[in-house]
Each structure stands twice: as structure tokens, then as C-alpha cells.
Amino acid sequence: EYGCIDSFTLQFMTILPEVVAREIGLFALQGKVNSVPDLERCVWPLRRALGDLEEADPEDDDRVDRQLSHILSTFCQDCQAIIDCVFIELRIDGDPLVIAGKPLK
């Protein structure tokens, strides 16, 4: 009825590039993106949350189910890789890099 963890992770990873792009767009519209390093800063909270989840120990952290702890490390690393791919795709897309109609330095 609710699906399995494989189905959830697949759905999450499928929409993750859109989530990253939306975060970048929202920060850009607020005027907080003026350079490529600013792009990376705007997804830092998402990266940090994934890092915290990856490092969580089910013995010390009740947010992590013991049955899922072996999956979470791979899941979080894969999510980090997807975020990196979004940045790679943005850099490949063109020079100068244009976000929300504004060229970046």
C-alpha cells in the first residue's frame, strides 16, 4: 500500500535535481546568487542534512531505524552525487552561466 524503500528512494532521487534547481532559482530571485560559489552555498543546508543522516548512528539517534541504517549511507551518497551532477550540468550548459536571467561571475 505504501510502497517499499526502493520505490521511495527512486522517487526521491528522480525529483532531487528539480529540488536543487528550485533552491538555486529561489536564492537567485532573492539576489543571493552572484557567483558560482554562491550556487553551492544555496544548497548547503540540503547537503548538510544528507550528511547528518548519513552519519547518524541508530544506536544514538532515534531518527534512524536500525533496519534502514545500511541503506541510508548509500542513499545519502547517491543524493550528494546527484547534487554534484546538477552543478556539472550547469557548468556544461554555457559560459557565462546564467541563472534567472542573470550572468554569474
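**Before you start**

Residues are numbered from 1 along each chain as its sequence is written, and side-chain values use heavy atoms, with hydrogens and water left out. Because this is a predicted model, local features need a pLDDT of at least 70 and side-chain atom pairs count only at pLDDT 80 or more, while totals for chains, interfaces and linings use all residues.

**The whole chain**

Begin with the whole protein selected and coloured by pLDDT, which is the predictor's confidence in each residue, from 0 to 100. The mean pLDDT is 86, and 96% of the residues reach 70 or more. Confidence is lowest in strand β2 (residues 102–103), at a mean of 80, and highest in helix α3 (residues 44–55), at 91. Where pLDDT is low, the predicted coordinates should not be read in detail.

Now switch to a cartoon view, in which you can look for four helices and two strands; helices (H or I, at least four residues) and strands (E, at least two) are DSSP runs, numbered from the N terminus. Followed from the N terminus on, the elements run α-α-α-α-β-β. Along the principal axes, the C-alpha atoms fill a box of roughly 45 × 30 × 20 Å. Of the 105 residues, 30% count as buried, where buried means under 20% relative accessible area, exposed over 50%, and partly exposed in between (1.4 Å probe, protein chains only). Contact means heavy atoms within 4.5 Å, and among contacts with a separation of 6 or more, 63% are accounted for by residues 24 or more positions apart.

**Helices α1 and α4**

Select residues 5–29 for helix α1 and residues 69–93 for helix α4, which pack at an angle of about 35 degrees with their axes 10 Å apart. These axes are lines fitted to C-alpha atoms, for helices over the stretch in contact, and angles run from 0 to 180 degrees between N-to-C directions. The crossing of α1 and α4 is right-handed; a crossing is left-handed if the near helix is turned anticlockwise from the far one by less than a right angle, and right-handed if clockwise.

To see the contact itself, show the side chains of I5, T9, F12, M13, L16, P17, V20 and I24 on α1, together with I71, F75, D78, C79, I82, I83, V86, F87 and L90 on α4. These residues divide into 15 nonpolar, one polar and one charged, where Ala, Val, Leu, Ile, Met, Phe, Trp, Tyr, Cys and Pro count as nonpolar, Asp, Glu, Lys and Arg as charged, and the others, Gly among them, as polar.

Are T9 and T14 buried or exposed? T9 counts as buried because its relative accessibility is 13%, whereas T14, at 51%, counts as exposed.

**Along α4**

Next, pick out the buried residues of α4, which include L72, C76, C79 and Q80. The buried residues of this helix pack against α1, α2 (36–42), α3 and β1 (98–99).

**The loop between α3 and α4**

Select V64, which is placed in the loop between α3 and α4, and then A56, which is in that loop as well. V64 is buried, with a relative accessible area of 7%, and A56 counts as buried at 15%. Which residues does V64 touch, not counting those up to four places away in sequence? They are L53, A56, P58, S69 and L72. By the corresponding count, A56 is in contact with D61, R63 and V64.

**Around α2**

Finally, select S35 in the loop between α1 and α2, and D38 in helix α2. S35 is buried, with a relative accessible area of 16%, and touches L104 and K105, not counting residues up to four places away in sequence. D38 counts as buried at 14% relative accessibility, and, leaving aside neighbours within four places, D38 is in contact with K32 and V33.
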